[in-house]
Amino acid sequence: MEQTCLNAAGKSWTCGIAARAALESHSNGRSWLCRTSGTDRYGRDLAICHIGEEDVSSWLVHEGWALAFRRYSTVYLHDEERAQGSRKGLWQGAFIAPWQWRHRSISTVILGAVAVPTDAQKSMISRTVTTGDRPTPSCPIKGNLRATPTCIYHLPGGQFYDRLSMTDSRTRRWFCSEAEAVAAGCRRSKL
């Protein structure tokens, strides 16, 4: 959710939040059916989800809101090529693959439209989460992913909220709702 991208004009935008909003709008409260097929190296479930007959992952990739994650499957490559060619979603400007964005550095590859701004590398590597700024005012909940045995989220006004620094993007995450924090495996701070 914290990821930012550059649009076609080279301006920063909260593409992670835009992707979530597009999916929420598309699903429009309809029921989902998900079938797990295994787990990744972090123990998270791998699944294919459908809304009716529609493959949700295919829709996300086709609309440019997600990428084909080649490590696990090549099924969505055609959808990705179509989104890129149409400059949909993330492909309208410049972005970093989500699995690389979490560990970005000066050597991180910038993806996007045919004409990626020349300063995109510098601009995108140094943005957002490392500064500790919220990606949007509607996402005020702080998540401490380092807490054990499960991560802990803190609400504004809580005892430790102001003390929790959000500068380390590897161990901190912003959430937009308590439901989102719980879905990520976090529990509410007891104080």
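Which hand does the link of Cys139 and Cys176 have, right or left? I would like to begin there this morning, and the reply is that the link is right-handed, with 65° about the S-S bond. Please keep in mind throughout that what we are looking at is a predicted model.

Let me stay with that pair for a moment. The sulfur atoms of Cys139 and Cys176 are 1.8 Å apart, and the two residues form a disulfide. For anyone new to the term, a disulfide is a covalent bond between the sulfur atoms of two cysteines. This one links distant parts of the chain, since Cys139 sits in the loop between α5 (120-125) and β8 (141-144), while Cys176 sits in the loop between β10 (172-175) and α6 (178-183), 37 residues apart.

How many disulfides does a search of the whole structure find? The search finds four, and if we count the bonded cysteines along the protein chain, the disulfides follow the pattern 1-2, 3-4, 5-7, 6-8. I will take two further pairs in turn.

One of them is formed by Cys5 and Cys15, whose sulfur atoms are 2.0 Å apart. The torsion about their S-S bond is about 65°, and therefore this disulfide is right-handed. Cys5 belongs to strand β1 (residues 5-6) and Cys15 to helix α1 (residues 15-27), so the pair ties together parts that are 10 residues apart in sequence. Are these two cysteines buried or exposed? Cys5 has a relative accessibility of 1% and so counts as buried, and Cys15, with a relative accessible area of 2%, is buried as well.

The other pair is Cys151 and Cys186, joined by a disulfide with an S to S distance of 1.7 Å. Here the torsion about the S-S bond is about -105°, and so the disulfide is left-handed. Cys151 is placed in the loop between β8 and β9 (152-154), and Cys186 in the loop between α6 and β11 (187-188), which means that the pair ties together parts 35 residues apart in sequence. Cys151 counts as buried at 8% relative accessibility, and Cys186 is buried too, with a relative accessible area of 6%.

Leaving aside residues up to four places away in sequence, Thr171 touches Gly143, Asn144, Leu145 and Arg146.

My last topic is a sheet. Three strands form an open sheet in the order β3-β4-β5, and the pairing is antiparallel. Which strands stand at the edges? They are β3 (33-39) and β5 (54-55), each of which has a single partner strand, so that one side of each is left without a neighbour in the sheet. Strand β4 (residues 45-51) pairs with β5 in the antiparallel sense over two bridges, and if you look for His50 on your screens, you will find that its bridge partner in β5 is Asp55.

That is where I will stop, and I am glad to go back to any of these places in the model.

Terms used. Residues are numbered from 1 along each chain as its sequence is written. This is a predicted model: local features need pLDDT of at least 70, side-chain atom pairs count only at pLDDT 80 or more; totals for chains, interfaces and linings use all residues. Side-chain values use heavy atoms; hydrogens and water are left out. A disulfide is a pair of cysteine sulfur atoms within 2.5 Å. Helices (H or I, at least four residues) and strands (E, at least two) are DSSP runs, numbered from the N terminus. Buried means under 20% relative accessible area, exposed over 50%, partly exposed in between (1.4 Å probe, protein chains only). Contact means heavy atoms within 4.5 Å. Two strands pair if DSSP finds at least two bridges between them.
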